[in-house]
Amino acid sequence: MHYSTKTTAAENLVTQCLILGVFEGRKPGETLNALDTGAAAALKAALKKGDMTGKPGQTLLLYAVDGIRAERVMLIGLGKKRDLTARTLASAVENAVAQLNESAARDCALVLPPELETAADIYAATRDVVLATEGRLYRFDQCKSRKDRPARPLTRMTLITGSRSIANTARKALAHGQAIASGMNLARDLANLPGNICTPSYLASQARKLGSRFSNMKVSALTEKQMERLGMGALLSVSRGSREPARLIVMEYNGGRKGSKPVVLVGKGLTFDAGGISIKPSANMDEMKYDMCGGASVIGTLQACAELQLPVNVVGIVPSSENLPDGAANKPGDIVTSMAGLTIEILNTDAEGRLILCDALTYAERFKPAAVVDIATLTGACVVALGHHTTGLLANDDKLADELFQAGEAINDPCWRLPMNDDYRKQLDSNFADLANIGGKGAGTITAACFLGAFTEKYKWAHLDIAGTAWKSSDKNATGRPVPLLMQMLLARCKLAE
Ligand code: BES
Ligand code: MN
Ligand code: ZN
């Protein structure tokens, strides 16, 4: 979709569909009141007929409205006036976009409600309109030979703003929204691809493509041989059971000052998780192609950083492997030595994410990070604890945890912190090695984080468990989360997030 802003009066704009918000109780609101008297009267008369009351989700499509140049007018319900937020506007617009995408209209113009007063409100609303629109228009049909696409898709959206200064804020928000949405779409595409196409090597090649697109992004992918030299015994033990070679993808985006410490993002890139010898039940096992969603979100976030040329240094690390049963695969009871030197007793080969992440987290040390955030579809227990709405957050630093929580709230990509302490850590005690890779009954998300915590003592670290939020089982589709959360955190660090 192509976006732009205009300060033209709404009634004079030439467009195939003018989108106007109205409030619950058939309250016209400032958008309608600001129109020419003729146009306003025509729309108020239409509202009076009672086909819509202004409730969220409602729309009313009108043709040839007196005093309005647009071919169509779509009224969208915004709910109660005092409850208007970026979110409610965005979901109302999302509805309108879904309808218009199936209609003959190819372009539309949205009047930004004048009820949004502060620059921060306008920024968030505009950004969220873009995120909701792009989210709704996303479809994954790469592997279908017949694409079922709308005959006349919506391709343009103009935002009508009151003043120039509002237009400036909206333009910045449009750019941010578009970069975040493309990052999400990239993450979703990579995630939705099946495991036989999206292999560790494929992920590496996609990351490399970004490296050649941006001059200040350097991408490399360590081979198994290189990882062996580094002593990454935990990561390599997982990939031993697979015919696809593992990769450690390293993406360095240098947008900040030289020498300024980077934020390091580490994403689990398990391209298919059958569980290994501790094999998973077969029902819905196809969804374990999504076990690389953390890695995909890192690649998507790095793309967004580079598209916006954010003034910050960001390193993305994606340990990527398959986890399959095989004669060479890990066996319960096997003991491996991690790059950090800690020995690990593998009591369940299905707890493989932490095995590939721990070596990647040790590798992260060399970048002298300002902070490290890892993102992983790590535990089914997280889905039990938080369902599909909220990402699990665990950290060894309160400020970093708070920063991520606030970022999630600000961009509607929420996460919630769970505790970590020695009581949980003790659950990982092993009879034979420095630690076990599972923590027994109870608190599976926390013990998984405690495992990672043993490898992150040298820097500020947070862990996002996206097992419940990275994809939707209901419609088998990746969500692109938590790209928005990570971008909001980085934009806020750059003081650009409003
Ligand atoms: N990738 C899975 C976690 C997962 C399961 C994510 C279901 C989303 C939905 C991970 O590798 C795994 O298998 N974890 C085990 C850990 C257990 C063996 C301690 C789990 O959660 O069952
Ligand atoms: Mn597993
Ligand atoms: Zn897994």
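Biologist: Around ligand 1, how many residues of the shell are nonpolar, polar and charged?

Modeller: Sort them by type: Ala, Val, Leu, Ile, Met, Phe, Trp, Tyr, Cys and Pro count as nonpolar, Asp, Glu, Lys and Arg as charged, and the others, Gly among them, as polar. Here the shell holds five nonpolar, four polar and seven charged residues. This is a predicted model, where local features need pLDDT of at least 70 and side-chain atom pairs pLDDT 80 or more, while totals for chains, interfaces and linings use all residues. Residues are numbered from 1 along each chain as written, chains are lettered from A and ligands numbered from 1 in written order, and side-chain values use heavy atoms, without hydrogens and water.

Biologist: Which residues are the closest to ligand 1?

Modeller: A residue counts as near if one of its heavy atoms lies within 4 Å. Of the 16 residues surrounding ligand 1, the closest are K280, D291, D350, E352 and G380.

Biologist: Which side chains place a polar atom by an oxygen atom of ligand 1?

Modeller: Look for polar contacts, pairs of N or O atoms within 3.5 Å. Among them, K280 has a polar side-chain atom 2.8 Å from a ligand oxygen, E352 has one at 2.8 Å, and D273 has one at 2.9 Å. The protein covers 77% of the 520 Å² of accessible area (Shrake-Rupley method, 1.4 Å probe) that ligand 1 has on its own.

Biologist: Is T85 buried, exposed or partly exposed?

Modeller: Buried means under 20% relative accessible area, exposed over 50%, and partly exposed in between (1.4 Å probe, protein chains only). T85 has 36%, so T85 is partly exposed.

Technical notes. Polar contact = N/O pair within 3.5 Å; in protein donor to acceptor, adjacent residues only side chain to side chain.
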